[in-house]
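I opened my notebook to look up aromatic rings. Here is what I jotted down as I went.

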Amino acid sequence: MATGREIFVLSGGGSRGAGQVGMLKALWDAGITPDLIIGGSVGAINACFMASHPTRHGVAELAAHWMGMSEETLCGSRRRVVLNLARRRPYLFAADRLRRLVSDWVPTFHLENLTIPVRIATTDILTGRAVFHDHGYIPDLIAASAALPAIFPPVTLPGPEGPTTHVDAGVAANVPLSGALDVARPGDRVWVLDVTRHATAHRHLRNPLDVLIASLVASVRSREEPASPAEVEMHRIKLDEDFDCGPVFDFSHTLELFHLGEATAKATIDQVRALPVAA
């Protein structure tokens, strides 16, 4: 039985982030609740919501929000792409819809005011390294964490040595595990809610924008993960990579992803509970 903290790590993964909702439901149903959450990209959105609604009812509310998600909800109309290109902006979609969504979902603006501590992962565009934020303005931090290069605008954030520019967390690591292992202590238990997927088959691409988005997403790969510190348990809940839910902004499989994530998490929890207890 765990005697330390429960730490949740929520990966990026676009619309596959719905799978984390099912995983969170299974964890809460099993009485496993987080003392700290680390999130990157879509995982940062789920992390901040649950940190402000840390109950089983909160999981149900998160699921209801996800059922209303669509590409237009998140990005706006694709007609805006033409305008942004014509004005030579360094992105296809503005982040105003994403920021509005975050403000609607999360009832506080500052990360340090959440009920459960959260670390949001971003990538410093100059160094290419992951940066983990435990305080700051949530809409800015999530906009940076989900700023897939050329799709959404990069975000300038304050830093100890002055402002720095940040993009999607997945550029450095699509599973922001180092943000947990940096602060983990002996006795802690880390649960990795991993909904990432490497494309393994050709997908029909309908237009140049689909090609660009697919190419950028393909460039965001999980890096070699850091070693787990001694006496820290780590358990990975991995969404089935064989399940293809379409492009990164395709939200038509949300309900299926809920069920798949929940089933996967339940199986992992059962396996963990079947392990012999250390003396």
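I started with Phe-8, which is buried at a relative accessible area of 0%. For me, buried is under 20% relative accessible area, exposed is over 50%, and partly exposed sits in between (1.4 Å probe, protein chains only). Trp-28 also counts as buried, with 8% relative accessibility.

A note on the source: this is a predicted model, where local features need pLDDT of at least 70, side-chain atom pairs count only at pLDDT 80 or more, and totals for chains, interfaces and linings use all residues. Residues are numbered from 1 along each chain as its sequence is written, and side-chain values use heavy atoms, with hydrogens and water left out.

Next I looked up the pairs. Rings of Phe, Tyr and Trp (its six-membered ring) pair if their centres lie within 6.5 Å; planes under 30 degrees apart are stacked, over 60 edge-to-face, the rest tilted. I get six aromatic pairs by this rule. One of them is Phe-8 with Trp-28, edge-to-face, at 6.3 Å centre to centre and 85° between the planes.

Why does this pair tie together parts 20 residues apart in sequence? Phe-8 lies in strand β1 (residues 6-10) and Trp-28 in helix α1 (residues 18-29), so the pair links the two. Helices (H or I, at least four residues) and strands (E, at least two) are DSSP runs, numbered from the N terminus.

I then checked Phe-93 and Phe-152, a tilted pair: 6.4 Å centre to centre, 45° between the planes. Phe-93 is in the loop between α5 (79-86) and α6 (96-105), and Phe-152 in the loop between α7 (138-145) and β5 (155-157), so this pair ties together parts 59 residues apart in sequence. Phe-93 is buried at 1%, and Phe-152 is buried at 4%. Last entry: Phe-93, Phe-152 and Phe-249 form one aromatic cluster.
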